[in-house]
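Visitor: I have the coordinates open and would like to learn how to read a few features. Can you take me through them?

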Amino acid sequence: MKIIFPFLLLLLHPPLYSADFSYLKTLLKQAETNLLANDREWRILLHYQAEGNGYVSEVDDPKFFNAPNGKTNPSAELAATLRTFFVAPTQQCKFIARYEWLKQQLAFKASRLAPQPCPRFKEWLNELNPYGLSLIFPAAYLNNPSSMFGHTLLRIDQAKQNEQSRLLAHAINYAANTKEENGVTFAIKGIFGDYPGLFSIMPYYHKVKEYSNLENRDVWEYQLNFTPAEIQRLLKHVWELDKIYFEYYFFDENCAYHLLSLLEVARPSLDLRNKFSAWAIPAETVRAIVAIPGLLKKATFRPANLTKLRHNLDLLSSAEQNWVQKLATGKINAKDSQFTALDITTRIKILETAYDYLHYQHKKTDKTRSRRLRALLVARSKLPSTTSFSPPPVPPRPEHGHRSFRISAGWGRYGEQSYHSLQLRPAYHDLLDSDAGYKQGAQINFLNLNLQHPIGSSDLKLESLKILDIASLSSRDRFFQPLSWKINTGWERRQLDDNKRSLVYNTNGGVGFSYKPIAKALAYGFLEANLDIGGALRHDYAFGLGSSVGMFVDILPNWRLHLYAETQRFVLGHIQSLRDLGLEQRLNLSRNSAIRLQMKRHYFAEEKAISQIELNWQWYF
Amino acid sequence: MKKVILTVATLAILPTASVLAKPNNVGCGIGSMVFEGKSGVAPQILAATTNGTFGNQTFGITFGTLGCAKNGVVGLPVPHKIALFADQNLDKLAHDMAVGNGETLNSLAVLMEVQDQDKSAFFNATKINFAKIFPDENVTTIEVLKSLNNVMANEPRLKRYSYS
């Protein structure tokens, strides 16, 4: 009988349960009277944004709505949601954030709308063990367009968690779900919302592995002041977003933007998304979040493996570095009597660095190196555990760097012609801008517009419009031999003869080496290829090869010089040779303002030359 | 032993795993080799892995999709959650064990519920027995966890945390 009983119950289930439709009617009326569908919280929970006279939800997945027209009709969705709770009570668990909010607003009577136990949700919440919330910001990663401007995610911190156990917390990540492996295709399709974006939860150690160990990106962790109740609300909403897709937009509805909406769910009084409706650069959203009074509890720097390794190598003497190299390359092994003759502290440092260095270089298939890695650790395990190295210095925080939208205005002279200059650069950072808070040697200019107004005329001329201009300068030394590279594309003016400067569409790419001759300087050399396209060119195009060398020097912390020489030989199409010799200087007046002075000598058309000088004031905001 | 039975029982009755399991390669590679590091540093222009944006992580809010199906691996010497952590962090664990401390080793201790007062014993035991726990460069995560269990079982202070 005992066994049969539950089955009986199941069979009897439909007739036993009958929804209390008169109570539903009461609630619907109450919701209408209280204008609940217009409430900010309802709009946040359903991701409604004002559009025209009405509202449209940013969520594109129909599964997210209870009403067929839920995407565009907040009150229909509210009514349908209430109805669902009566007709299919388990949906209270599926839409638990909406349920909790409506329950609170309408003071549901348990006797007339029975609350559901929601065991799966509870188990999930229990596993998350939420106690705190952190915003995680891995630094920009130039080698992939999707993370060029950085990325943000949230971390649910656990009760009793500390810096030695935060790996076990969980990360909430929003990303485009695609198998696309071509970064360029990704970026282009991403601009047009061609990918579904989804939220996911994973252990934080997955993310640390990805950033610190594989991509060598430094990470900033911002612990935020949210109450446990606020975090619960956020998680209930995240639960509703399980397998719900948004159209992913690279620029506006991206990771950074959608995390803002989670924070608004947690605390509806925060108004964050409105500031980023057109454009959400992760670093700028971080700035906006930590600027909210009282929201930031603590900022922690998590250096990437490579950052630590470079720092540790710097702390070693050149003799010690020799040992590192010998051990890592297998020239000697750790049992060698010459090595064991060294004092213990020195051996610890050398062994650890040799391991880190070899591990960094290591390729999966290399068995010899695998054996060597293990041997280094065995040797290390026989020496005491005293910590040998100091942690790397903490760099300036990203939100303490310059803002990324830059406007420049000034005066210039090109040959005999004086002009006013006006430049707009919506994002993000160039090599002459102050590095504080940015990745050194990384440049991304996006939609950099440069206008000139020749004095004495009424024209406003387009001098250049660079769609994208990326450069990655990574310095080489005895331990690291990375390549530097650059690529840029956009319209610019070419001096084609004495008095003709025409717009061409130029694409330029280069590969080269960079070195740090001294700590405050970075020198580089590139081999380049150029393609110009334009009606003013003979055959409408020009293809050329060239090279450039230059050096950046920080004279003072706020004063940087850039000296350079370039030569381009166009060998196909419009044949000509161009050379430039230039000096640029930037002097910061404050975090968000600077003066830039550029001087250039331009050689063209068989050794003719013309000089240019330009002085600009720059504001970042 | 009690713990093992309990875990197996929990895994068996969890309905979530089957409901939510999606094809997923994260963590299903229990048995991957410890010193098989990542690929080198050669700057890969427009490289193709980052942020999970390229779908190298499965997408889901629930835990069934965190790793492979919870009951997908039989004969684990430790609970699934610990095995998954060890498998994903084996390189770092090896490093921390040899050094005698570190974030990853500490996290493993937390997962194994090692109390604070016993942590230094735990760190010490894994350091002293490093060569035993990682006997060669081809060792698998499962072998590492088995040896770790043995080491702990032979250590009076740590015996109660072991799963063997």
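Visitor: Where does Gly102(B) lie in chain B?

Guide: Gly102(B) sits in the loop that links α4 (90–99) to α5 (103–111) of chain B. A word on conventions: this is a predicted model, where local features need pLDDT of at least 70, side-chain atom pairs count only at pLDDT 80 or more, and totals for chains, interfaces and linings use all residues. Residues are numbered from 1 along each chain as its sequence is written, chains are lettered from A and ligands numbered from 1 in the order in which they are written, and side-chain values use heavy atoms, with hydrogens and water left out.

Visitor: Is Gly102(B) buried or exposed?

Guide: Buried means under 20% relative accessible area, exposed means over 50%, and partly exposed is in between, with a 1.4 Å probe and protein chains only. Gly102(B) counts as buried because its relative accessibility is 17%.

Visitor: And what is Gly102(B) in contact with?

Guide: Contact means heavy atoms within 4.5 Å. Setting aside neighbours within four places in sequence, Gly102(B) contacts Gln164(A) and Asp96(B). As for Phe123(B), it is 21 residues from Gly102(B) in sequence, with 9.1 Å from C-alpha to C-alpha.

Visitor: How many helices and strands are there in chain B?

Guide: Chain B has eight helices and zero strands. Of its 164 residues, 59% are buried. Take the chain B contacts between residues at least 6 apart in sequence: 68% of them join residues at least 24 apart.

Visitor: Over to chain A. Why does Ser408(A) count as buried?

Guide: Ser408(A) counts as buried because its relative accessibility is 1%. This serine belongs to strand β10 (residues 406–414) of chain A. Not counting residues up to four places away in sequence, Ser408(A) touches several residues, including Ser421(A), Leu422(A) and Trp617(A).

Visitor: Which residues touch the most other members of the largest nonpolar core?

Guide: In soluble globular proteins, nonpolar side chains tend to be buried together. A nonpolar core is a set of buried Ala, Val, Leu, Ile, Met, Phe, Trp, Tyr and Cys residues joined through side-chain atoms within 4.5 Å. In the largest one, of 94 residues, Leu102(A), Phe108(A), Ile172(A) and Leu234(A) touch the most other members. Helix α11 (residues 255–266) of chain A gives the most to this core, nine residues. Another core, of 75 residues, lies apart from it, with Ile136(A) and Trp323(A) among its members.

Technical notes. Helix = DSSP H or I, 4+ residues; strand = E, 2+ residues; numbered from the N terminus.
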